Amino acid sequence: PRFHTVDNAFTILLNVTAIGIAAFGSALLLIGGNVDLSIGGIYAIVSVTTATVVRDTQEPILGVIVGIV
């Protein structure tokens with residue numbers, strides 16, 4: 001099997017998107033001279049809350065809305 005396929009590259013990019021966005025925001029804060037270490041905690045709490053809502057309601061859209069709010 002070949003590893004270097006377009007489908008595999010798309011899957012890898014899709015899996016790292018959320019962490020990449022958070023890392024970009026943290027990098028901008030550090031460049032500006034601010035330090036914000038709360039991003040890991042926020043990321044964890046939003047992930048758990050979203051997963052709990054999806055598990056309990058079986059509604060992925062509601063889970064995403066709760067995670068964004």
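This is a predicted model: local features need pLDDT of at least 70, side-chain atom pairs count only at pLDDT 80 or more; totals for chains, interfaces and linings use all residues.
**Ground rules.** I number residues from 1 along each chain as its sequence is written. Local features need pLDDT of at least 70, side-chain atom pairs count only at pLDDT 80 or more, totals for chains, interfaces and linings use all residues, and side-chain values use heavy atoms, without hydrogens and water.

**Helix pair.** I looked up helix 2 (residues 39-57) and helix 3 (residues 60-68), helices being DSSP runs of H or I with at least four residues. Their axes come within 8 Å and cross at roughly 155°, with axes fitted to C-alpha atoms over the stretch in contact and angles running from 0 to 180 degrees between N-to-C directions. That makes the two helices roughly antiparallel (over 145 degrees).

I then checked the contact (heavy atoms within 4.5 Å). Helix 2 brings V46, T49, T50, V53, V54 and T57, and helix 3 brings P60, L62, G63, V64, V66 and G67.

**Largest pocket.** How much space lies in it? I noted about 220 Å³, a volume being the space filled by probe spheres set on the grid points. A pocket here is an open set of points on a 1 Å grid where a 1.4 Å probe fits, with protein on both sides within 12 Å along at least five of seven lines; lining residues have an atom within 4 Å of a point. Helix 2 gives the most to the lining, with five residues.

Terms used: Angles under 35 degrees count as roughly parallel, over 145 as roughly antiparallel, 65 to 115 as roughly perpendicular and the rest as oblique.
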